[in-house]
Amino acid sequence: MTVEHEPFEQDVEEVQAAEKETDDKEKSEGGLISYKEALPKMVHVLPLMSRPFFPHQVIPMIIENDLWSETIKEINDSPHKLLGLMLCKKDNVEDITTLSTEDFHPIGTVCKIHRIIEGDKDEHLQIIVEGLQRFEISDWINTQHPFMANVDYHLEVQNEKDAELKPHVLAIINTIKELLPLNPLYNEELKMFLERFSPEEPSSLADFAASLTTSSREELQDILETLDLSPRLEKVLLLLNKELQLAKAQVEIRRQVEDKMEDHQREFFLREQLRAIQQELGIEKDDRTAQVEKFRERLESLTVPEAAQKVIDDEMDKMAVLEIGSSEYAVTRNYLDWLTLLPWGKFSTDHLDIPKAREILDADHEGLEDVKDRIMEFLAVGKLKGSISGTILLLVGPPGVGKTSVGRSIANALGRSFFRFSVGGIHDEAEIKGHRRTYIGAMPGKFIQAMKEVEYANPVIMLDEIDKIGTSYRGDPASALLEVLDPEQNSDFLDHYLDVRFDLSKALFICTANQLDTIPAPLLDRMEVIKLSGYLTSEKLQIAKKHLVRRQLEKSGLKDDQLILPDETLVNIIEDYAREAGVRNLEKQIGSIARKAALKMLEGAEIPIEINTDNLSDYLGKPTFENDKELSGVGVITGLAWTAMGGATLSVEATQIHNYARGFKLTGQLGDVMKESAEIAYSYLTSECEQFRVKKKYFEKAMIHLHVPAGATPKDGPSAGITMASALLSLASKKQVNRSIAMTGELTLTGHVLPIGGVREKIIAAKRVKIHEVILPDANKRDYDELPDYVREGMTVHFVKTYPEVAKILWP
């Protein structure tokens, strides 16, 4: 059942005429009472779903003809033509026939039918009803559809205390007056009410005011069930005030919307006027034409290959017939945007000034003379050829030695644009070669993005951490790099997104890595390796003085005269807190000192703040590296090792546990290769006892334990062979080495000493702990001779081919 809440003026006029006719008829017949005073005891009850019906309301109701036609006909044929309307407790009842008497609220309104109008196709019935009085069910006669009950009426009685209700009445009237300007419908309803009732009638006014609101069905039913006038007026006033606030909010929202619509309309009219003017002048261009012209303007300064130009022309022709709002138009526009933004045939001029390049490298980096010389050779060849291309450099070294900054310096020396991105951890081949255009959010690969960003086809592109590139089910990025880093192939590099070939051969590729072992062999084969070893203490000191201290003072907001770091203090920081091969940790330690100094300065410390050897621990805490005391004694030999962080010294200890049974035990978290080296050393000395004046029975009965200290650190590699053999020989012969000497070399079962790697790192590690005498394999003599003079300075190096030569050097 549907109830219309807005009465029609024509319906109200008909009701008023019918009431007048009834009253005149009763008067002519000498009657003393009206029909309102002679209400029947038994009435038919119709359910309401949306909201309750109030006395004195006149509204049309639409009901279902099939369900209620007989009931309405029976009511209309009765002398009083009255029915009861009651609100259901549920508002979502689909089948009226399932209702029971418990589903009705206790109080409803008895109404009179004034007119019946049949709807279209007789599916619905419209009746115009007028509310008369409140009623309450005394008992049900028919508890199912159609409902019928005996009722008790709550007649409105003239109250002697009506004067006390006047403030509420006036408040309601004033609130209605405030509502009138906000909604024009209120004017019509108020006009109809005033034609039938006086505002001085509190009960009629309260019911009328409640019917005006859009309150919930529960709130309106509460008004209907409130019989006492005073609380009813208070509740109605509260609902009216809520309605007033809601109406004001609606008016404000409507005003804002209208303002926005006016702005949009004004902008629309202005744009239309502008377009009309442009049409008159012949200068109008639509969005498609403007885009195409922009693309063509970009191509004017470029030298586009024929194949790429054909693709661009085809895409522009396709764009001309596509709808602007279509998804394919957006894909084509983005594709053309990328194609026309690439620097086809656009190259920057190389600055092949050798002295200037040397000056830039020296200003940016301290030490690394061999690396600088190799770079200068590379630039010199480029100057003679007239261009630099076809070479892929690989800078290998521990963290913090300046690999990335060397690449940037090369770009500065050449005057080329620089683009860097890290390939460490990349698992998707599309990062290198791009996505297919059919994918949502497709983009070209990193190399095409680099060309777009730098706007030249010959930049310096740095691929950081190439030794940490990964693989996954989405492809093998390392294999995808083979095409990019191959000078024979990258002149026709094919990106999946562009689907046209782009020349990468003029770009200079510089890769960085911490180690070579994890780089795929086919990829490594395409690169020219330049190794950057760690820095000496003197080099770190100069780097700190020229670069690191100044940079950290700027970051901390300090001036040069506010913090003093003498050379002696910097040397202590390097040796006690930052012994790593690089200078990254050294910069962190200096930054920590600068921050603490800034805090002390703000707390009132005397300026300048000087950091010396006495108060250094107050800023950096306990030294991270204790001064290495070279272990000495029978069975103790110092070796040299290579790590990803640079070189390191390594002591090897051997001792006899007992002589009850022969045995050999290894500890120190050694890898398989290192364990094999120890077993080879043990077997070699056992078989050559007489040569070294050791009793053979010693190894037949002795239980020997060989240990490499720093047991928590994994160790592996073959280069400790002669060190382990020397420790075992010292133990067996009861002789110790009486001077500071370190060694490295791989030992075979026949006593030959094989070459090892990391010579520079190992020499630097020995100098760092003040060991100036070293034993190296004879095959590494060339590697040692290639070291810079400042690394070899002060070193005594013995080159050996067999182990007996090692024993002779240790014990002349």
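Modeller: Buried means under 20% relative accessible area, exposed over 50%, and partly exposed in between, with a 1.4 Å probe and protein chains only. The model above is predicted, so local features need pLDDT of at least 70 and side-chain atom pairs count only at pLDDT 80 or more, while totals for chains, interfaces and linings use all residues. Residues are numbered from 1 along each chain as its sequence is written, and side-chain values use heavy atoms, with hydrogens and water left out.

Colleague: Let me start with charges: how many salt bridges does the count come to?

Modeller: A salt bridge is a side-chain nitrogen of Lys or Arg within 4 Å of a carboxyl oxygen of Asp or Glu, and by this rule there are 29 of them. One of these joins Asp 486 and Arg 526, whose closest N and O atoms are 3.3 Å apart.

Colleague: Which residue forms a salt bridge with Lys 235?

Modeller: The partner of Lys 235 is Asp 222, with 3.1 Å between the closest N and O atoms. This pair links distant parts of the chain, since Lys 235 belongs to helix H7 (residues 229-281) and Asp 222 to helix H6 (residues 217-225), 13 residues apart. Lys 235 is partly exposed, with a relative accessible area of 29%, and Asp 222 is partly exposed as well, with 34%.

Colleague: And which side chain meets that of Asp 567 in a salt bridge?

Modeller: Lys 545 does, at 3.2 Å from N to O. Here too distant parts of the chain are linked, with Asp 567 in helix H19 (residues 567-577) and Lys 545 in helix H18 (residues 537-556), 22 residues apart. The relative accessible area of Asp 567 is 36%, which makes it partly exposed, and Lys 545 counts as partly exposed at 38%. Salt bridges can also be read as networks, and one such network links Arg 134, Asp 207 and Arg 232.

Colleague: Turning to rings, how many aromatic pairs does a search of the whole structure find?

Modeller: Rings of Phe, Tyr and Trp (its six-membered ring) pair if their centres lie within 6.5 Å; planes under 30 degrees apart count as stacked, over 60 as edge-to-face and the rest as tilted. The search finds 17 aromatic pairs. Among them, Phe 447 and Phe 493 are edge-to-face, with 6.4 Å from centre to centre and 70° between the planes. Phe 447 lies in helix H15 (residues 446-454) and Phe 493 in strand E11, so the pair ties together parts that are 46 residues apart in sequence.

Colleague: Is Phe 447 buried or exposed?

Modeller: Phe 447 is buried, at 0% relative accessibility, and Phe 493 is buried with a relative accessible area of 0%. Both belong to a cluster in which ring pairs link Phe 419, Phe 421, Phe 447, Phe 493 and Phe 509.

Colleague: Over which ring does the charged end of Lys 452 sit?

Modeller: A charge sits over a ring if NZ of Lys or CZ of Arg is within 6 Å of the ring centre and within 35 degrees of the ring normal. The charged end of Lys 452 sits over the ring of Trp 338, 4.1 Å from its centre, and that of Lys 346 sits over the ring of Tyr 456, 5.5 Å from the centre.

Colleague: How many disulfides does the structure hold?

Modeller: With a disulfide taken as a pair of cysteine sulfur atoms within 2.5 Å, the structure holds 0. Cys 111, for instance, is in no disulfide, and the nearest cysteine sulfur, that of Cys 88, is 14 Å away. Cys 111 counts as buried, at 0% relative accessibility, and Cys 689 is buried at 2%.

Definitions and conventions: Helices (H or I, at least four residues) and strands (E, at least two) are DSSP runs, numbered from the N terminus.
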